[in-house]
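Let's take a walk through a protein model together, one piece at a time. Have a look at the picture first, and then we'll go through some of its parts.

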Amino acid sequence: MNELERVKAEDERLARERKKIARDGPKLNGAKLEARLERTWRRPAGIVGWLATVDHKEIGRRYIVTALLFLALGGVLALAMRVQLAQPDAALISPGRYNELFTMHGSTMMFLFAVPVMEGVAVFIIPLMLGTRSTAFPRLNAFSYYMYLFGGLMLWVAFLLNIGPDIGWFAYTPLSGPQFSAGKRADIWAQMITFTEVSALAAAVVLVCTILKTRAPGMTLARMPLFAWAMLVVAVMIIFSMPAVALCSSMLISDRLIGTNFYNAAEHGDALLWQHLFWFFGHPEVYIIFLPATGFVSVITETFCRRPVFAYPVVVLALISTGILAFGLWVHHMFATGLPRVGYSFYTSASMTVAIPTALQIFCWLATMWDGRPRFPVPMLYVVGFIITFVIGGLTGVIIASVPLDLQLHDTYFIVAHFHYVLIGGAVFPLLGILTYWFPKITGRMMSETLGKIGFWTMFLGFQLAFFPMHFAGLLGMPRRVYTYPAGLGLELPNMLSSIGAFVVAAAVVLFVVNGLYSLYRGAIAPPNPWGASSLEWATSSPPPPYNFEHIPVVETRTPLWDAHGELPVVTGLRVDEKEILLTTVVAAAPDLREPVPAASLWPLIAAIAVGVLFVSSIFSPWAVVFGAIPAAIATAAWFWPKELKRHPEPVIS
Amino acid sequence: MSVQHYQSIFGNASIEARQFNTLFVIFLAVCAVMYAAVIAFMLVALARRRRGGRANVMEDGRHHESDPALRTGLIGWSAVVATGLVALAIASFVADRSMASTAARERLSLTVTANQGWWDVQYIASDNSKMIRTANEIHLPVGVPVRIYLKSNDVIHSFWVPSLAGKQDLIPGRENDITIVPRKVGLYRGQCAEFCGTQHAKMALVVQVEPYSDFIKWWERQLQPAAAPATPLAKAGYDFVTSRNCGACHAIAGTPASGTVGPDLTHFASRRTIAAGSMPMGEGNLYGWIADPQSIKPGTKMPTIGLEPNELHSVVAYLETLK
Amino acid sequence: MNLCAAAAALTACHPSQPKQQFGSATVYGSAPAGDHAVAPPAASPADDGNWVMPSKDYAATRFSGLNQVTPANVSKLALSFTFSTATTHGYEAPPLVVNGTMYLITPFPNYLYALDLTKPGAPTKWVFKPKPLAASQGVACCDTVNRGAVYDAGKIFFNTLDGQTIAVDANSGQQVWRTQLGEIQKGETITMAPLVAGGKVLVGNSGGEMGVRGWIAALDEGSGKLAWRAYNTGPDKDVLISARFKPFYASDRGKDLGVKTWPPEAWKIGGGTVWGWLSYDPETKLIYYGVGNPGPWNPDQRPGDNKWTTGVFARDVNNGEAVWFYQTTPHDLFDHDDINEIILADIPWKGQRRPVLFRPARAGFFYVHDRRTGQVLSAAPYGYVNGYKGVDLKTGMIIPNHDKDPKVGRVVRDICPAAPGLKDWNPSAFSPVTGLVYIPHNNLCMDFGAMRANYISGTPYVGADVKMYAGPGGNRGAFTAWDPIHQRKVWEIPEDLPLWSPALVTAGGVVFYGTMDGWFKAVDARTGKQLWRFKAGSGIIGQPISYRGPDGRQYIAFVAGVGGWAGAVVSAKMDTRDPTGALGFANAVKDLPMKTTAGGMLYVFTLPR
Amino acid sequence: MSSRCRASFTLLALTALALGACNREERHSRAKPMGETVPAGVSPDTIWPGGTVAQTLDPRAKIYDNNAPAISQGQQLFSQMNCSGCHSHGGGGMGPALIDDEWRYGGRIDQIATSIAEGRPNGMPSWRSKLTQDQIWQLAAYVRSMSGQPSKDAVSSRAESMSNTAPQTLTPREPAHTSDTAEQ
């Protein structure tokens with residue numbers, strides 16, 4: 001055979017095979033299907049497989065566990081501070097060390113716990129909730145986690161090596177600038193920001209695409225679970241707000257390393273430029289933490305009242321409007337900076353306006369309880385605790401939205417009380433509730449109800465004891481970020497109570513962890529839907545198999561599990577011999593495309609290491625940006641290297 | 001004046017602070033009502049099923065219509081919340097405007113310049129030779145609108161005397177100001193309210209509001225240069241202070257010491273506190289502070305000089321003459 | 001070396017520097033015809049061929065009546081002899097010539113050389129070494145210069161950097177007396193040339209950047225005993241203000257303004273030094289002198305008008321009583337010392353002759369005052385000025401431009417003229433023949449960053465970061481012929497480098513000046529046309545003089561030795577990578593180290609027989 | 001567990017980076033004044049009659065050299081104590097340049113500290129009675145940093161003032177000079 005004929009024959013053979021691909025191959029069902037899906041979707045064996053995994057459930061679990069570890073670390077710092085503050089004029093901790101403590105506490109809680117834990121929960125649960133087998137861009141998802149982990153590790157290793165930042169989590173210039181923050185402490189902080197913002201942006205992209213494109217057929221936007229709505233809003237907010245902090249922290253590094261004058265007032269830079277950019281991110285950040293928690297509350301309330309959340313469209317609109325309004329409030333962190341007084345009124349109004357959607361959401365949850373039949377297992381207790389606590393935080397928020405009042409209360413312990421009521425009451429309580437709620441889905445076992453209830457009450461009472469007196473400390477004139485205070489100002493009692501309360505909260509956290517660990521090994525085995533909930537994550541086993549669902553469900557109502565009589569309708573026709581998911585249209589969720597899912601890969605990890613080395617070394621030399629980009633580019637190129645098309649003559653479908 | 005209002009925002013010692021109090025009470029009342037409404041609603045909502053009311057649940061997968069009363073409730077609730085917020089916003093705006101209006105009437109002005117760890121205070125006079133400089137202590141005549149210009153020499157600080165007024169930041173490269181009309185004679189403590197570095201916690205100041213005549217007396221006293229030391233011990237202290245380390249940073253009018261890096265010490269002993277409100281003025285504290293400032297206020301710019309005991313005695317003796 | 005080359009290259013290709021021909025004159029008009037300004041005869045006697053004081057005469061004309069050298073023959077000038085002074089710091093002083101002997105006073109260590117002009121090669125007659133304290137070099141703000149000695153009645157009088165005034169016998173070189181006036185512990189130095197008038201040796205202190213309190217003192221010419229001392233700040237009795245004091249403008253009237261226009265105590269360290277030039281009117285027995293800048297430079301630390309700094313005093317030479325005062329820049333913002341030369345002249349003014357003063361001030365205006373009252377007759381800018389908007393002739397007040405007010409913590413950009421002013425210490429020359437004033441000056445602007453200054457006696461008290469650079473046009477210096485009556489330029493020569501040398505004008509119609517890269521230039525007094533030039537071994541900042549030698553020929557002499565504030569980058573071996581060096585001058589003359597090197601060499605020229 | 005492995009690997013890498021950090025970042029708050037002993041080795045001279053004398057580096061050098069807070073304090077003192085009035089921002093003026101590579105009296109930190117404390121004859125005042133030893137050494141650490149001697153990681157790029165010299169964080173480090181050699 002000559003060369004020409006051989007080529008021709010090969011072409012014809014390929015053409016025949018292409019025709020075969022277009023045809024359906026053998027169909028599988030039942031145990032055979034499960035085995036085949038398991039083979040396709042499970043992660044590769046060994047440590048390499050463990051590192052290479054792109055399974056959203058594993059990544060989500062790692063996110064949650066890592067974030068909880070950082071919560072514990074941040075909490076230890078808080079306890080250290082409370083010990084120092086328990087009595088006036090104490091000298092247990094030096095002022096420099098104390099400054100490191102509150103900087104680390106704030107940065108850890110905001111950047112390494114609150115945002116990542118929400119992302120982690122979402123990454124774990126959103127594909128399950130939406131009835132799909134994977135997130136969009138699973139490798140980006142893995143990359144996101146590794147960036148987060150490296151950022152957190154860098155910060156904490158630096159802290160342990162005595163290069164911990166001591167400039168506050170807000171790092172106001174010029175205190176954080178080259179003249180007043182000697183050495184590399186501030187750079188460590190700024191680069192930790194870079195790590196977490198890259199991570200958060202990646203996770204946000206993953207979530208937006210997952211929510212908009214991978215929902216089960218029939219799950220129109222109007223049928224989407226409220227948590228998915230909340231995460232959609234949050235992810236979009238991350239995409240809009242994170243670049244601001246990326247910009248200002250990069251300018252800070254540039255000021256500190258190569259002597260630019262962005263924040264040098266003398267050379268016509270501006271110290272306030274930092275504050276504008278930082279709070280343009282920083283204020284939405286609060287809602288980035290809070291909105292997922294409202295999703296948790298909606299989920300728990302619905303399940304335990306056995307009634308769909310009242311006025312679903314109102315709640316959705318409230319989420320969206322909060323997301324938009326959040327970008328118009330940043331100046332209320334800057335009322336004391338001497339910007340034009342009348343301009344402040346706009347921000348007062350905007351800050352008060354944002355209370356309206358929140359008030360509507362609260363009404364909707366309460367109406368759901370009113371109209372439903374509430375039960376009170378631990379997650380629901382946390383929701384009740386949330387309402388009692390968060391509403392106080394929300395109302396103090398209205399108080400400090402007023403310029404004259406804020407000028408007094410700004411940067412006092414009143415504010416500390418306010419935002420802990422908002423962030424712990426508003427986000428951590430629902431988080432603990434939702435972790436209890438989804439614990440069976442994550443681990444396959446139920447958490448102990450008894451321990452959970454003890455834990456809740458300890459947490460709830462401890463919290464009030466720790467943070468309610470702080471309102472009074474603030475009103476009595478105690479500013480924030482002080483390592484000590486003099487006797488005789490009436491601050492002794494509130495501070496002592498707060499310190500005691502802090503240890504009670506710590507005990508509650510320990511109880512929660514003990515409960516979690518105990519239940520992980522000894523808890524009752526969980527059925528697929530232990531709470532009788534309505535959303536799709538409960539339509540698969542606990543914990544779910546690597547492929548999530550045997551068949552992709554079809555959704556016809558907002559509460560599919562409550563409305564499905566017996567079995568859910570499903571989609572067929574997806575390949576099972578290759579990782580493949582079904583993409584649906586953005587609004588109507590009509591089946592659109594079959595999309596191959598990338599295989600597990602070490603490249604996201606390698607890319608994260610390369611980028612991490614770039615970030616860490618650019619603390620020390622600007623040339624790192626140039627030379628560090630080379631390995632990062634190589635890793636990214638390898639990550640996206642076009643895959644060879646595997647030509648199975650007979651695709652296997654379910 | 002009660003002790004606990006020394007640094008409390010309820011000290012109510014100026015027109016501004018009184019306006020703050022009124023506004024705060026309004027806000028608190030409205031918020032309390034709202035909070036009570038929410039909690040009551042929740043308690044009733046949670047409790048009514050216990051009493052066996054008909055629940056609108058989805059036991060059998062069948063939708064029930066929502067309670068129409070709840071829809072009305074939602075609309076009513078939004079109306080109530082919106083009205084409440086609008087009322088509060090207006091109250092806030094009105095209070096803000098009325099506070100701003102006092103700014104036009106100032107009759108006394110001074111400049112407060114913040115430094116990491118202490119406050120530099122300069123009173124402005126149309127006759128420049130009547131300007132006075134002090135530190136960490138401000139005297140104000142009661143009833144006189146006073147404008148305080150706020151500047152910073154290093155990082156961002158925030159001027160805050162809770163009993164008198166809200167805070168205002170001191171930002172390098174910018175000039176802010178705040179106007180206060182003190183209305184109650186008394187002593188008030190203030191503190192830096194923006195994190196400013198190692199010794200943010202011990203950067204305080206005291207404000208003495210006093211009758212106009214006392215204020216003028218105080219001003220005239222401040223204009224006097226330091227008296228020559230009378231005793232041999234004080235003379236030895238004078239020699240040390242003016243010829244050794246102290247004068248490089250501190251100024252004492254009437255002596256060669258003219259440093260501007262640290263607080264002016266001309267009338268140091270007449271002030272109420274040492275080290276920017278860290279401790280009350282007194283011989284014992286003075287000994288401690290001069291001997292070892294770094295263990296009292298770690299990280300302060302005041303160095304531990306390591307005086308010999310006789311030097312320490314003489315320096316303290318001299319400083320005590322600076323009334 | 002490479003770095004310097006790079007710096008020079010950078011300056012050369014700086015976009016704001018157009019490719020213009022430096023060194024050639026632009027003519028704007030012609031010298032006034034008919035009745036013009038002349039020097040008062042009492043203060044400016046006919047030339048006897050000597051040069052006994054730096055300013056040539058009491059009227060400060062720097063005009064030589066010798067006329068052998070003319071525009072036609074100046075190009076034939078030939079080197080007669082040279083002499084190395086063995087110093088390498090800024091040489092600002094003129095040689096003195098008295099009856100066949102030339103006297104040279106060097107920068108620190110202030111050697112006084114006497115050269116015998118009657119012998120070939122002018123051998124050294126004697127050297128007097130006053131041995132000033134070495135530490136005084138550390139408190140001299142702008143190089144360790146000396147601006148000249150003065151001869152009177154058989155004695156040479158001069159000041160030393162460490163604050164002494166010394167009288168030396170002109171023949172023997174033996175010390176007659178020495179008086180300590182300044183205290184270097186306080187930062188006081190003396191760099192000025194004394195003036196001997198009315199039997200008094202008048203001396204003022206330097207140290208306006210060190211927080212000193214400025215004064216002028218009169219010593220008895222014979223004994224060196226202090227006759228009187230007038231401070232320029234503080235209470236009236238210190239300033240010697242008495243009933244005779246009649247300032248023309250209301251803003252200068254009042255009791256103890258030297259205290260009341262300062263914050264408490266600030267006047268004690270407020271500067272107001274006298275380090276420039278004095279003039280004397282023998283008819284009225286009045287001396288005229290300008291007062292230096294208030295300290296510190298940061299104006300925030302001295303709210304008020306800061307009397308009696310940056311102004312002009314007229315005092316009675318006998319007892320120092322102040323007669324009038326005019327403040328050029330109340331509350332000076334830019335270090336615009338007012339110490340420049342004061343030229344006495346009689347001018348036709350509105351139909352009658354008026355005795356006046358010419359003052360090309362640092363702030364950029366050419367002032368004409370009535371010298372009996374201090375009234376400002378005219379004040380016009382003789383270069384680019386944006387730091388002020390003009391001078392109000394009604395109130396006599398300079399009109400500030402508040403856009404350029406320094407602010408603590410914020411750099412104010414593009415202030416013209418810069419801190420050295422449109423013209424610094426280097427004096428102009430006035431020719432009664434042409435009626436023109438020949439002004440060697442700068443064209444520099446600056447960025448000014450005020451900050452809090454700390455006062456520690458004996459250390460600098462400045463409180464500002466400064467960066468200077470070329471003004472509009474890109475020429476850093478200019479040599480301007482100014483018509484003082486019509487207040488206009490007649491011609492101007494743009495110079496690449498700032499001009500730091502004084503000028504000399506001769507009756508022959510030739511003007512001499514030097515540049516910091518070492519060119520000694522002769523130009524036509526009427527047109528500015530360059531006639532001749534000579535490249536010296538170091539940059540020239542010294543006063544050129546002209547004298548009649550023992551052989552009857554006209555000689556031209558100057559000392560080349562770069563330095564001073566402008567040349568400190570070379571003489572103090574500064575590192576020009578720091579633009580704020582030498583109080584900001586380093587930035588303006590980054591290329592100077594490649595254009596000249598330090599030196600201290602006398603050059604004497606004459607026409608060939 | 002492998003996560004621990006990875007963590008400890010990263011830890012190792014960071015430790016390597018940060019080893020220099022231990023002294024670089026330490027904030028010394030000196031409650032007790034430092035002794036004033038001047039060790040025998042601080043002479044700027046390089047010639048000794050009768051043979052070489054081994055120069056020993058003052059042990060305090062280790063505390064201050066390369067220590068970021070000390071350099072930063074020194075930077076502040078440099079302007080507060082009017083050093084910048086004479087030396088500008090290192091370019092010089094009334095005093096000699098400090099950013100160049102010429103050291104009249106030695107460029108080692110202990111030699112610089114001696115120059116500051118004792119003064120030098122041509123105008124450098126003695127600061128011994130005005131500044132504490134701690135402050136003098138902080139100043140010396142900063143002065144040494146101006147000429148590019150210590151690590152780039154311990155210096156600051158600029159101050160909050162008019163920009164002057166190129167950022168120390170970027171300028172090439174200068175090699176040690178003959179007078180710098182001492183037993184470290």
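**A hairpin to start with**

Strand 3 of chain A and strand 4 of chain A make a hairpin with six residues between them, and A:A589 in the turn has a positive phi of about 60°. Helices (H or I, at least four residues) and strands (E, at least two) are DSSP runs, numbered from the N terminus. This is a predicted model, in which local features need pLDDT of at least 70 and side-chain atom pairs count only at pLDDT 80 or more, while totals for chains, interfaces and linings use all residues. Residues are numbered from 1 along each chain as its sequence is written, and chains are lettered from A and ligands numbered from 1 in the order in which they are written.

Strands of a sheet pair through backbone hydrogen bonds, either parallel or antiparallel. Strands 3 and 4 of chain A (residues 591-596 for strand 4) go for the antiparallel sense, over five bridges; two strands pair if DSSP finds at least two bridges between them. Opposite A:P591 in strand 4 of chain A you'll find A:T584. Four of the five residues of strand 3 (residues 580-584) of chain A are buried, so this strand is largely enclosed by the rest of the structure. Buried means that 20 or more other C-beta atoms, placed from the backbone, lie within 10 Å of the residue's own.

Now hop over to chain C. Here four strands form an open sheet in the order 20-21-22-23, with antiparallel pairing. Strand 20 (343-349) and strand 23 (376-381) of chain C are the edges, each pairing on one side only. Strand 22 (residues 365-370) and strand 23 of chain C share five bridges, and C:H369 has C:V376 in strand 23 as its bridge partner.

Next, where do chains A and B meet through helices? Helix 12 (residues 355-371) of chain A packs against helix 1 (residues 15-48) of chain B at an angle of about 25°, their axes 8 Å apart. Axes are lines fitted to C-alpha atoms, for helices over the stretch in contact, and angles run from 0 to 180 degrees between N-to-C directions. That angle makes the two helices roughly parallel, a label for angles under 35 degrees. Among the residues that meet here are A:W370 and B:F41. Two residues are in contact if their C-beta atoms, placed from the backbone, lie within 7 Å.

Finally, 14 residues of chain B are in contact with 14 residues of chain D.

Methods. Angles under 35 degrees count as roughly parallel, over 145 as roughly antiparallel, 65 to 115 as roughly perpendicular and the rest as oblique. A residue is buried if 20 or more other C-beta atoms lie within 10 Å of its own, exposed if 12 or fewer, and partly exposed in between; C-beta atoms are placed from the backbone.
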